[in-house]
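Subject: Handing over the two-chain structure

Hello,

Here is the structure I promised to pass on to you. Have a look at it first, and then read on for what turned up.

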Amino acid sequence: MSLPLYLAMMKSHGKMLGGFIYGASAYIVLIIWIYPSIADMQGFNDMIGALPESMRKLIGMENGINSLSDYVAGEFYGMLFLIILMVYVILTSTRVMARLVDQGSMAYLLATPHSRVKIAITQAAVLLTGLALIVGFTTFSGIAASEWLIEGYQLDVASFIALNILTFLTFSSIAGYCFLISSISNDEKKALGISAGITLLFYILNMAGKLSEKTEWMLNFSIFKWYDPIKMINNETDAFWIGCSLSISTFLLFMISLIVFKKRNLPL
Amino acid sequence: MIHVKGLSKHFSKGKGLFDLNFEVKKGEVFGYIGPNGAGKSTTIRHLMGFMKPDRGHSSINGMDCWNNAARIQDQTGYLPGEIVFLEGMSGLGFLSLLQKMRKQETTKRRDELIERFQLDVKTPIRKMSKGMKQKVGIIAAFMHDPQVLILDEPTSGLDPLMQRVFIDLILEEKQNNKTILMSSHSFQEIERTCDSAGIIKDGKLVALEDMYLLRSVQRRVFEVKVKSENDMEHILRSSLDIEVKGARTVHVTVQGNDQEFVQLLSRCEVQHIDTRPQDLEDIFMHYYDRREVEK
């Protein structure tokens, strides 16, 4: 890794990253803040219960809202945060590799005495640091909001942190294949399109898989099968093994990216 | 210092490089000339280790350009043909990033070059004109005092004054025993700085000559206006390649036979003489034609 390049890249990504962090943190604070009024609302769970089961699964409320943890996991981690992280990962992975090759500025980075692998590791580090910062700030904001902003409702901090680690690992894997696509592409737009296409496909398969039992098999083809925030926060999943397999697939995907980038022809 | 041996790279539609061989010795300046799309930049991409050859290999300072790309960069300065810098930086920010990446501490040489090219380094890169970017590129290539310089069309975008500054810089580096390979469209620039030159066309090296020989094949057209019809006849009788362009005005094409041309003019009363600049394509066309006729 090249530290000067890493710092320069972090600086130039700073604005965009700041926007993502601000958006995610502000939103989680907001929904935790309004939780007491929802929890106190009479008949809210009855209303949810009246919905068809598949619908409840889709919006992440299979059992209604029983706790702050359920609510945060279903409403934020299952929906908006997912989309925020998807957008960030797809955009950034394309920016750190394919864009530089497409525009040609990669030539300057490779004209310094750093190997391609070293440059690519630096760029991957920028991508993952950004992801970690978004998840990290969101975790912190969530805990802070539940401690100081509302009273009488507790967020299980340990399992909330576990959920965030798994979220980070899931999106690291997504970042992994997006980075791989970005590393083999000469065209920024193409890389963006393919990454977004695959990720959206996973997302749609995930939605469809939850709709009914007939379509449940579709879940097996989606990376989001591993990512079930409500079960995660209630410790109903095998967090350790999921974490391990996500880490391994992330590692492998980034390794393949480095090897491919090392061996390919660059149109610089 | 720079060796290219049997370098081949095939692209679709029959394009690419075909069995390229040349050598640039230490302290030599090598001009690499050819029309657009001939393969100049592709050759340079191989030298920089951006592309892997299908066959053959190239090396700089004894190190293979593909396998040792990173180590070669220690002693190499590179100016890309199409200059794109990282986004969101000023010229100075970009130059100091490169310096830090090279672990270079002194800024003396850099500041000297900035002064020389009169570059306003505080300008953000996205607001820079083509010429300014070219200057930043040139400074980036020269500032770490490399032993080998690879320059892809170095003067494009520079005004004539800055072209002069650049040519002086090249001549100075030549004095310092640097090895330089530069591709160019401008025959003048090559003529003034290079010891030898290679001409490439359709991915094949069609000529590898020293500058003297290349100069002799360069065609120049002079527009000559003489005082009297007498002189006119005199000129028409000579063995030079002459085209009548009007009353007492002719175009004389000179190619290696400068002496004969001067002697002819000395016998006439010349009213006006002017050279007509030839573009490089023209020079190439004639060079290729001549070679094909010889075959």
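This is a predicted model: local features need pLDDT of at least 70, side-chain atom pairs count only at pLDDT 80 or more; totals for chains, interfaces and linings use all residues.

Residues 119-145 of chain A are 100% helix and 0% strand, with 39 Å between the end C-alpha atoms. Residues 191-209 of chain A are likewise 100% helix and 0% strand, and their end C-alpha atoms are 27 Å apart.

Now to where the chains meet. Chain A brings 28 residues to the contact and chain B brings 29. Between them about 2,300 Å² is buried, and carbon and sulfur atoms give 64% of that area. On the side of chain A, Y108(A), P113(A) and N265(A) supply 29% of the area it buries against chain B, more than any other three residues.

What holds polar groups together across this interface? There are eight residue pairs in polar contact, and the rule finds one salt bridge. That salt bridge joins the side chains of R99(A) and E87(B), at 2.6 Å from N to O. Helix 1 (3-33), helix 5 (68-103), helix 6 (106-110), helix 7 (116-148) and helix 11 (239-263) of chain A each give two or more residues to the side that touches chain B. By class, that side of chain A has 14 nonpolar, nine polar and five charged residues.

Over all chains, the search finds 13 salt bridges. One of them pairs D54(B) with K9(B), whose closest N and O atoms are 3.7 Å apart. This pair links distant parts of the chain, 45 residues apart: D54(B) sits in the loop between helix 1 (40-47) and strand 4 (55-60) of chain B, and K9(B) in strand 1 (residues 2-10) of chain B.

Best wishes

Methods. Residues are numbered from 1 along each chain as its sequence is written. Chains are lettered from A and ligands numbered from 1 in the order in which they are written. Side-chain values use heavy atoms; hydrogens and water are left out. Contact means heavy atoms within 4.5 Å. Buried area is the accessible area (1.4 Å probe) that two parts lose on being put together, summed over both. A salt bridge is a side-chain nitrogen of Lys or Arg within 4 Å of a carboxyl oxygen of Asp or Glu. A polar contact is a pair of N or O atoms within 3.5 Å; within protein, one must be able to donate a hydrogen and the other to accept it, and residues adjacent in sequence count only if both atoms are side-chain atoms. Helices (H or I, at least four residues) and strands (E, at least two) are DSSP runs, numbered from the N terminus. Ala, Val, Leu, Ile, Met, Phe, Trp, Tyr, Cys and Pro count as nonpolar, Asp, Glu, Lys and Arg as charged, and the others, Gly among them, as polar.
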